[in-house]
Amino acid sequence: MGAETRDIEYMREALDLAREGEYSTSPNPAVGCVIVQNDQIIGRGFHHLAGKNHAEIEAIRDAGEMAKMATAYVTLEPCSHKGRTGPCVEALISAGISRVVYACKDPNPKVSGTGHRILCDAGINVLSGVCEREALELNQGFIKRMAKGKPYVRLKMAMSLDGAMAMASGESKWITGEAARSDGQRLRALSCGVMTGIGTILADDPLLNVREKKSQMRGREVTRIILDTQLRCPSTASLFTVGGKVLIFCGKSYESKRNNKLARLAEIESVDELSGAMDLELVLDRCASHGLNNILIEAGPVLTRQFIQRKLFDELTLYIAPKIVGTEGRRAFQVPSPDRLSEVQDLKLKSWLSLGNDMVATLVPNI
């Protein structure tokens, strides 16, 4: 039996609940659950923090005894293994749930499909794939890390209409307006890590933290990641003054430059070099091993070009100000041209909107 209109409506309620935890659950996925009896929602829950109750447990507790013979709508296949919390399939069975509807499979290849099978073996009616696209979009970083061992990579750039990120003098505050900058903070808060190059650290001395004060984002700490081949990062850099984890990647040939003071402020890892630059694919693998689902790249033109040229990004967000800086402005990025038009990178527009007086384009590779 396929999904009915009511199944879709209740799953969308569960997805709305899941979004309540999208800034706080990493490295776990954001998951929501509603429990329905006689066409009434009797229990609601979402996963708040890694190590805390999963969404199903919260919803079962909310429903109480009324959960017996009810339907549970969950945005991710209920877990079947014991981690820091117990298996959700056992809780659903014990509560007397008679039907489970979930949006997408658990992407972990070690457990994918097991939760479904256990529920079916217990005599519970199970339906999967309801609002699957929306659920996959919500947890695209977790899903990619589980399935491919790599984080979901977003590139973010602010530029003028003619592609400049700064004036010839280096002045760049502010090309875009307040609304666009606030949305940039939202992207940071949705990310597990924010990555930049040592050039940006030395030139701009950024904090790279989440400064947005909206309730869901308040207190959100992201891992700040610096790509610093020659290990030139000063221990006086401002990003060390605001708390939170800092991860520095350096080239293996420069590992001996590590000093104790910097090592006390940041976690330093060395990676192989390719033609004098760090192996970015290996850096991303290491980020995934740290449990980082989503990485936001906020960098200068050199590092941005490398990610674009090597096709190591999943999404590109451009904040475009209706300003014309002119030919002397510093370009946001410059990628070498191929010989033929058929060889250029082809992107697909995912969304386009206005923020204040600026425009925001989100694009993905057209695969």
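**Entry: Ala361**

I began with Ala361, which is buried at a relative accessible area of 4% (buried means under 20%, exposed over 50%, partly exposed in between, with a 1.4 Å probe and protein chains only). The model is predicted, so I note the limits: local features need pLDDT of at least 70, side-chain atom pairs count only at pLDDT 80 or more, and totals for chains, interfaces and linings use all residues. Residues are numbered from 1 along each chain as its sequence is written, and side-chain values use heavy atoms, with hydrogens and water left out.

I placed Ala361 in strand 18. Strands (E, at least two residues) and helices (H or I, at least four) are DSSP runs numbered from the N terminus. Which residues does Ala361 touch, not counting those up to four places away in sequence? I found Leu316, Thr317, Leu318, Leu349, Ser351 and Trp352. Contact here means heavy atoms within 4.5 Å.

I traced an open sheet of 9 strands in the order 11-10-9-8-14-6-15-18-17, with mixed pairing. Two strands pair if DSSP finds at least two bridges between them. Strand 11 (267-271) and strand 17 (347-355) stand at the edges; each has a single partner strand, so one side of each lacks a neighbour in the sheet. Neighbouring strands are turned by 20 degrees against each other on average, direction ignored. Axes are lines fitted to C-alpha atoms, for helices over the stretch in contact, and angles run from 0 to 180 degrees between N-to-C directions.

Strand 10 (residues 246-251) runs parallel to strand 11, joined by 5 bridges. Cys250 stands opposite Ser270 in strand 11.

Next I looked at two helices. Helix 6 (residues 140-148) lies across strand 6 (152-160), strand 14 (294-297), strand 15 (315-321) and strand 17, at about 135 degrees to strand 6. Helix 7 (residues 178-190) runs at about 165 degrees to strand 15. The strands that helix 7 lies across include strand 8 (193-197) and strand 18 (358-365).

I then traced an open sheet of 5 strands, order 2-1-3-4-5, pairing mixed. Its edge strands are strand 2 (40-46) and strand 5 (125-128), each pairing on one side only. The twist averages 15 degrees from one strand to the next. Helix 1 (residues 5-19) packs on this sheet and touches strands 1 to 5, with its direction at about 140 degrees to that of strand 1 (32-37). Helix 2 (residues 55-63) packs on the sheet too, touching strand 1, strand 2 and strand 3.

**Entry: cores**

The largest nonpolar core has 41 residues; Met11, Ile35, Ala72 and Ile97 touch the most other members. Such a core is a set of buried Ala, Val, Leu, Ile, Met, Phe, Trp, Tyr and Cys residues joined through side-chain atoms within 4.5 Å. Helix 1 gives the largest share, 6 residues. Another core, of 31 residues, lies apart from it, with Cys192, Leu227, Phe249 and Leu292 among them.

**Entry: cysteines**

How many disulfides does a search of the whole structure find? I got 0, with a disulfide taken as a pair of cysteine sulfur atoms within 2.5 Å. For Cys120 the nearest cysteine sulfur, that of Cys79, is 16 Å away. Cys120 is partly exposed at 38% relative accessible area. For Cys287 the nearest is that of Cys192, 10 Å away. Cys287 is buried, at 0% relative accessibility.
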